[in-house]
Amino acid sequence: MPISKTIVINCAGMGKRLGLNTNKSLIDINGKPLIIRQLECLDKFDDIRIVVGYQAEELINVVCAYRKDIVFVFNHEYKTTRTAQSFSLGKKYARDMVISLDGDILFKPEDFEKFACGDEEIIGVCKPYTKEPVYVETDILDGQEYATGFSRKSGKYEWTGLLKIYSDKLNTGIDHVYKLITPNLPLKVTSMNLKEIDNKDEYEAALKWYKNNYK
(Lines give C-alpha, C1' and ligand atoms only; values in the text may rest on other atoms or scores of the structure.)
Protein backbone atom coordinates (compact mmCIF):
# COMPACT_ATOMS: atom_id res chain seq x y z
CA MET A 1 0.00 0.00 0.00
CA PRO A 2 1.19 3.56 -0.67
CA ILE A 3 2.51 5.55 2.26
CA SER A 4 -0.04 8.05 3.58
CA LYS A 5 1.06 11.68 3.61
CA THR A 6 0.19 14.90 5.40
CA ILE A 7 0.84 18.29 3.80
CA VAL A 8 1.76 21.21 6.07
CA ILE A 9 1.81 24.70 4.53
CA ASN A 10 3.47 27.28 6.76
CA CYS A 11 1.65 30.61 6.31
CA ALA A 12 1.74 32.30 9.72
CA GLY A 13 4.45 34.93 9.13
CA MET A 14 4.00 38.65 8.58
CA GLY A 15 6.20 38.93 5.47
CA LYS A 16 7.65 42.30 6.48
CA ARG A 17 10.45 42.27 3.89
CA LEU A 18 7.93 42.14 1.06
CA GLY A 19 6.54 45.49 2.23
CA LEU A 20 2.96 45.00 1.02
CA ASN A 21 1.31 44.70 4.44
CA THR A 22 -0.17 41.37 3.49
CA ASN A 23 0.44 37.73 4.25
CA LYS A 24 2.70 36.48 1.47
CA SER A 25 0.42 33.55 0.74
CA LEU A 26 -2.27 36.06 -0.28
CA ILE A 27 -0.27 37.99 -2.88
CA ASP A 28 -1.65 37.95 -6.39
CA ILE A 29 -0.11 35.58 -8.93
CA ASN A 30 -1.63 36.41 -12.29
CA GLY A 31 -5.17 36.77 -10.95
CA LYS A 32 -5.13 34.25 -8.08
CA PRO A 33 -3.67 34.30 -4.55
CA LEU A 34 -0.43 32.39 -4.17
CA ILE A 35 -2.02 29.94 -1.71
CA ILE A 36 -4.57 28.97 -4.38
CA ARG A 37 -1.79 28.43 -6.92
CA GLN A 38 -0.26 26.04 -4.39
CA LEU A 39 -3.51 24.26 -3.60
CA GLU A 40 -4.16 23.71 -7.31
CA CYS A 41 -1.11 21.43 -7.20
CA LEU A 42 -2.41 19.51 -4.18
CA ASP A 43 -5.69 18.09 -5.45
CA LYS A 44 -4.43 14.53 -4.92
CA PHE A 45 -3.95 15.04 -1.18
CA ASP A 46 -6.73 14.83 1.40
CA ASP A 47 -4.83 15.75 4.57
CA ILE A 48 -3.69 19.36 4.17
CA ARG A 49 -3.00 21.59 7.16
CA ILE A 50 -2.37 25.31 6.75
CA VAL A 51 -0.69 27.02 9.69
CA VAL A 52 -2.06 30.54 10.06
CA GLY A 53 -1.22 33.57 12.18
CA TYR A 54 -0.95 36.99 10.55
CA GLN A 55 -4.18 37.89 8.69
CA ALA A 56 -5.55 34.46 9.55
CA GLU A 57 -9.18 35.35 8.88
CA GLU A 58 -8.49 36.65 5.37
CA LEU A 59 -6.40 33.59 4.54
CA ILE A 60 -9.02 31.16 5.86
CA ASN A 61 -11.77 32.85 3.84
CA VAL A 62 -9.73 32.66 0.63
CA VAL A 63 -8.87 28.99 1.13
CA CYS A 64 -12.40 27.94 2.11
CA ALA A 65 -13.79 29.52 -1.04
CA TYR A 66 -11.60 27.07 -2.98
CA ARG A 67 -11.67 23.96 -0.75
CA LYS A 68 -13.73 23.02 2.28
CA ASP A 69 -11.63 20.16 3.65
CA ILE A 70 -8.51 22.06 4.73
CA VAL A 71 -7.48 21.94 8.40
CA PHE A 72 -6.28 25.27 9.86
CA VAL A 73 -3.76 25.30 12.68
CA PHE A 74 -3.12 28.52 14.61
CA ASN A 75 0.36 29.74 15.52
CA HIS A 76 -0.62 32.39 18.04
CA GLU A 77 3.03 33.25 18.63
CA TYR A 78 3.75 34.07 14.99
CA LYS A 79 5.24 37.47 15.89
CA THR A 80 8.03 35.95 17.97
CA THR A 81 8.64 32.50 16.44
CA ARG A 82 9.97 31.23 13.13
CA THR A 83 8.79 28.64 10.64
CA ALA A 84 9.82 25.64 12.78
CA GLN A 85 7.16 26.62 15.30
CA SER A 86 4.46 26.63 12.62
CA PHE A 87 5.67 23.34 11.17
CA SER A 88 5.85 21.75 14.64
CA LEU A 89 2.23 22.72 15.29
CA GLY A 90 1.04 21.62 11.86
CA LYS A 91 2.65 18.19 11.92
CA LYS A 92 1.01 17.01 15.13
CA TYR A 93 -0.72 13.65 14.58
CA ALA A 94 0.49 13.60 10.98
CA ARG A 95 0.21 10.52 8.81
CA ASP A 96 3.16 8.25 7.98
CA MET A 97 5.03 10.94 6.06
CA VAL A 98 4.82 14.71 6.31
CA ILE A 99 5.54 17.18 3.52
CA SER A 100 6.40 20.72 4.56
CA LEU A 101 6.28 23.75 2.30
CA ASP A 102 6.22 27.47 2.94
CA GLY A 103 3.40 29.74 1.84
CA ASP A 104 5.77 32.05 -0.03
CA ILE A 105 6.96 29.74 -2.80
CA LEU A 106 5.61 29.38 -6.31
CA PHE A 107 6.57 26.09 -7.89
CA LYS A 108 6.22 24.41 -11.23
CA PRO A 109 3.37 21.89 -10.76
CA GLU A 110 5.19 19.03 -12.44
CA ASP A 111 8.22 19.51 -10.21
CA PHE A 112 6.13 19.46 -7.05
CA GLU A 113 4.25 16.34 -8.14
CA LYS A 114 7.57 14.60 -8.76
CA PHE A 115 8.78 15.72 -5.34
CA ALA A 116 5.64 14.61 -3.51
CA CYS A 117 5.20 11.19 -5.08
CA GLY A 118 7.21 8.25 -3.87
CA ASP A 119 8.05 7.17 -0.35
CA GLU A 120 11.66 8.21 0.06
CA GLU A 121 12.71 10.99 2.41
CA ILE A 122 13.96 13.99 0.47
CA ILE A 123 14.48 17.75 0.52
CA GLY A 124 14.05 20.17 -2.38
CA VAL A 125 17.00 22.31 -3.44
CA CYS A 126 17.81 24.79 -6.19
CA LYS A 127 20.74 26.85 -7.39
CA PRO A 128 21.42 29.75 -4.97
CA TYR A 129 19.62 32.90 -6.10
CA THR A 130 18.01 34.70 -3.14
CA LYS A 131 19.64 37.45 -1.08
CA GLU A 132 19.72 35.48 2.18
CA PRO A 133 19.92 31.80 1.22
CA VAL A 134 20.24 28.78 3.44
CA TYR A 135 22.94 26.84 1.63
CA VAL A 136 22.92 23.07 1.40
CA GLU A 137 26.17 21.14 1.65
CA THR A 138 26.07 17.80 -0.16
CA ASP A 139 28.02 14.60 -0.67
CA ILE A 140 27.68 11.55 -2.91
CA LEU A 141 26.60 8.48 -0.98
CA ASP A 142 26.02 5.17 -2.76
CA GLY A 143 25.96 7.00 -6.09
CA GLN A 144 23.28 9.54 -5.09
CA GLU A 145 23.52 13.10 -3.81
CA TYR A 146 22.58 13.77 -0.21
CA ALA A 147 22.37 16.86 1.96
CA THR A 148 24.93 16.59 4.73
CA GLY A 149 24.66 20.04 6.29
CA PHE A 150 23.21 23.55 6.13
CA SER A 151 25.15 26.79 6.12
CA ARG A 152 24.60 30.54 5.92
CA LYS A 153 28.02 31.02 4.30
CA SER A 154 28.38 28.71 1.31
CA GLY A 155 27.14 25.56 -0.35
CA LYS A 156 26.36 23.99 -3.70
CA TYR A 157 22.61 24.50 -3.42
CA GLU A 158 20.00 26.64 -1.70
CA TRP A 159 17.33 24.95 0.38
CA THR A 160 13.82 25.67 -0.86
CA GLY A 161 11.97 24.85 2.36
CA LEU A 162 10.50 21.71 0.79
CA LEU A 163 10.79 18.64 2.96
CA LYS A 164 9.37 15.10 2.87
CA ILE A 165 10.16 12.88 5.81
CA TYR A 166 8.67 10.16 8.02
CA SER A 167 6.75 12.05 10.66
CA ASP A 168 7.85 9.94 13.63
CA LYS A 169 11.49 11.00 13.11
CA LEU A 170 11.01 14.69 13.78
CA ASN A 171 11.40 16.69 16.94
CA THR A 172 9.77 20.09 17.50
CA GLY A 173 11.26 23.58 17.58
CA ILE A 174 10.61 27.31 17.31
CA ASP A 175 13.48 28.45 15.09
CA HIS A 176 14.22 27.50 11.47
CA VAL A 177 13.05 24.22 9.92
CA TYR A 178 16.52 23.45 8.59
CA LYS A 179 17.78 23.42 12.18
CA LEU A 180 14.92 21.13 13.13
CA ILE A 181 15.85 18.54 10.52
CA THR A 182 19.64 18.77 10.82
CA PRO A 183 19.72 15.72 13.16
CA ASN A 184 17.99 13.75 10.37
CA LEU A 185 20.78 14.30 7.83
CA PRO A 186 21.88 12.95 5.45
CA LEU A 187 18.76 13.36 3.33
CA LYS A 188 18.52 12.87 -0.41
CA VAL A 189 18.21 16.07 -2.47
CA THR A 190 16.23 16.80 -5.61
CA SER A 191 16.45 19.92 -7.75
CA MET A 192 13.27 22.02 -7.88
CA ASN A 193 12.04 24.63 -10.36
CA LEU A 194 10.46 27.29 -8.14
CA LYS A 195 10.63 30.86 -6.91
CA GLU A 196 10.64 32.05 -3.33
CA ILE A 197 8.96 35.41 -2.74
CA ASP A 198 10.58 37.29 0.09
CA ASN A 199 10.85 40.86 -1.22
CA LYS A 200 9.53 43.01 -4.07
CA ASP A 201 12.30 42.06 -6.50
CA GLU A 202 11.63 38.37 -5.96
CA TYR A 203 7.89 38.98 -6.32
CA GLU A 204 8.37 40.65 -9.69
CA ALA A 205 10.77 37.89 -10.79
CA ALA A 206 8.26 35.21 -9.77
CA LEU A 207 5.45 36.88 -11.73
CA LYS A 208 7.64 37.11 -14.81
CA TRP A 209 8.71 33.49 -14.40
CA TYR A 210 5.11 32.30 -14.03
CA LYS A 211 3.87 34.26 -17.06
CA ASN A 212 6.77 32.87 -19.07
CA ASN A 213 5.64 29.28 -18.43
CA TYR A 214 8.12 28.69 -15.59
CA LYS A 215 11.16 29.69 -17.64
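This is a predicted model: local features need pLDDT of at least 70, side-chain atom pairs count only at pLDDT 80 or more; totals for chains, interfaces and linings use all residues.
Four elements, namely α3 (83-90), β6, β11 (157-166) and α5 (177-181), each contribute at least two residues to the lining of the largest pocket. The greatest contribution to this lining, four residues, is made by β11. When the lining residues of the largest pocket are sorted by class, 17 are polar, 14 are charged and 10 are nonpolar.

The second largest pocket has a volume of about 210 Å³. Its lining consists of 13 residues, and Cys41, Lys44, Phe45, Glu113 and Ala116 are the ones nearest the centre. Helix α4 provides four residues, the largest share of the lining of the second largest pocket. Eight of the lining residues of this second pocket are nonpolar and five are charged, while none is polar.

Attention now turns to the interior. In soluble globular proteins, nonpolar side chains tend to be buried together. The largest nonpolar core of the model comprises 29 residues, within which Ile9, Ile35, Leu39, Ile48, Ile50, Leu101 and Phe112 touch the most other members. At least two residues of this core come from each of the strands β1 (5-10), β4 (48-52), β6 (97-102) and β7 (105-107), and likewise from each of the helices α1 (34-39), α2 (56-66) and α4 (109-116). With four residues, α2 accounts for the largest share of the core.

The side chain of Asn10 is joined to that of Ser100 by a polar contact of 3.1 Å. When residues up to four places away in sequence are set aside, Asn10 touches Val51, Thr83, Ser86 and Phe87, together with Ser100, Leu101, Asp102 and Gly103.

The peptide bond between Leu185 and Pro186 is cis, with omega about 5 degrees. Pro186 belongs to the loop that lies between α5 and β12 (187-191). Gln55, a residue other than glycine, has a positive phi, near 55 degrees. Gln55 is situated in the loop between β4 and α2. With a relative accessible area of 19%, under the 20% limit, Gln55 is classed as buried. A positive phi, near 60 degrees, is likewise found at Asn213, again in a residue other than glycine. Asn213 is located in the segment after α6 (200-211).

Notes. Residues are numbered from 1 along each chain as its sequence is written. Side-chain values use heavy atoms; hydrogens and water are left out. A nonpolar core is a set of buried Ala, Val, Leu, Ile, Met, Phe, Trp, Tyr and Cys residues joined through side-chain atoms within 4.5 Å. Buried means under 20% relative accessible area, exposed over 50%, partly exposed in between (1.4 Å probe, protein chains only). Ala, Val, Leu, Ile, Met, Phe, Trp, Tyr, Cys and Pro count as nonpolar, Asp, Glu, Lys and Arg as charged, and the others, Gly among them, as polar. On a 1 Å grid over the protein atoms alone, a cavity is a set of points where a 1.4 Å probe fits but cannot get out, and a pocket is an open set with protein on both sides within 12 Å along at least five of seven lines; lining residues have an atom within 4 Å of a point. Grid points are joined across faces, edges and corners, and a volume is the space filled by probe spheres set on the points. A polar contact is a pair of N or O atoms within 3.5 Å; within protein, one must be able to donate a hydrogen and the other to accept it, and residues adjacent in sequence count only if both atoms are side-chain atoms. Contact means heavy atoms within 4.5 Å.
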